[in-house]
Amino acid sequence: MKEIVYPVRVEFGHCDPAGIIWYPNFFHWIDSASRYFFEQCGVPTWAETTRTMGVIGTPIVDTKAKFLKTATYGENLGIHTSIPEWREKSFVLRYAVRRVNKDGSIDDIMEAEDVRIFATKREDGKNGIRAVPIPPSIRTLCE
């Protein structure tokens, strides 16, 4: 199972008045980490997959998160992303947000999982999307 690390530098504006990361920023970062995972595995941009396969992206259909420790501005985090489970039309993305401290110790800051689908536009002309089977070429790149 591949694991890709997406780096995040926590800035002052990412924090609430108490000086800790405002929780929605984690969801923004893990969403960015999901696309970064695919890029690092060699998956083309969604614009390219739209053109060649009709796949417009990988929207979330379920998510959960567990916050373990706080972090603040000036710290560097790594979002460790992997796909532990592939299904016919969906897959699970797992995230572990970690901080490496100055003494070399590692703190787990947050854990999260998303269930996502590979989506195309509906063919019946109505607005919306539909799940399609996971393209084998993409799965091969990401395993």
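## Aromatic rings in a predicted model

Phe-26 and Trp-29 are both buried, where buried means under 20% relative accessible area, exposed over 50% and partly exposed in between (1.4 Å probe, protein chains only). This is a predicted model, in which local features need pLDDT of at least 70, side-chain atom pairs count only at pLDDT 80 or more, and totals for chains, interfaces and linings use all residues. Residues are numbered from 1 along each chain as its sequence is written, and side-chain values use heavy atoms, with hydrogens and water left out.

Let us turn to the ring pairs. Rings of Phe, Tyr and Trp (its six-membered ring) pair if their centres lie within 6.5 Å; planes under 30 degrees apart count as stacked, over 60 as edge-to-face and the rest as tilted. The count comes to 13 aromatic pairs, including these two:

| Pair | Centre to centre | Between the planes | Class |
|---|---|---|---|
| Phe-26 and Trp-29 | 5.7 Å | 80° | edge-to-face |
| Phe-27 and Phe-67 | 6.4 Å | 70° | edge-to-face |

The second pair links distant parts of the chain, with Phe-27 in helix α1 and Phe-67 in strand β2, 40 residues apart. Helices (H or I, at least four residues) and strands (E, at least two) are DSSP runs, numbered from the N terminus. Phe-27 is partly exposed, at a relative accessible area of 31%, and Phe-67 is partly exposed too, at 42%. As for Phe-26 and Trp-29, they are three residues apart in helix α1 (residues 24-41), so about one helical turn separates them.

Elsewhere, one aromatic cluster is formed by Phe-37, Phe-38, Trp-46, Trp-86, Phe-91 and Phe-118.
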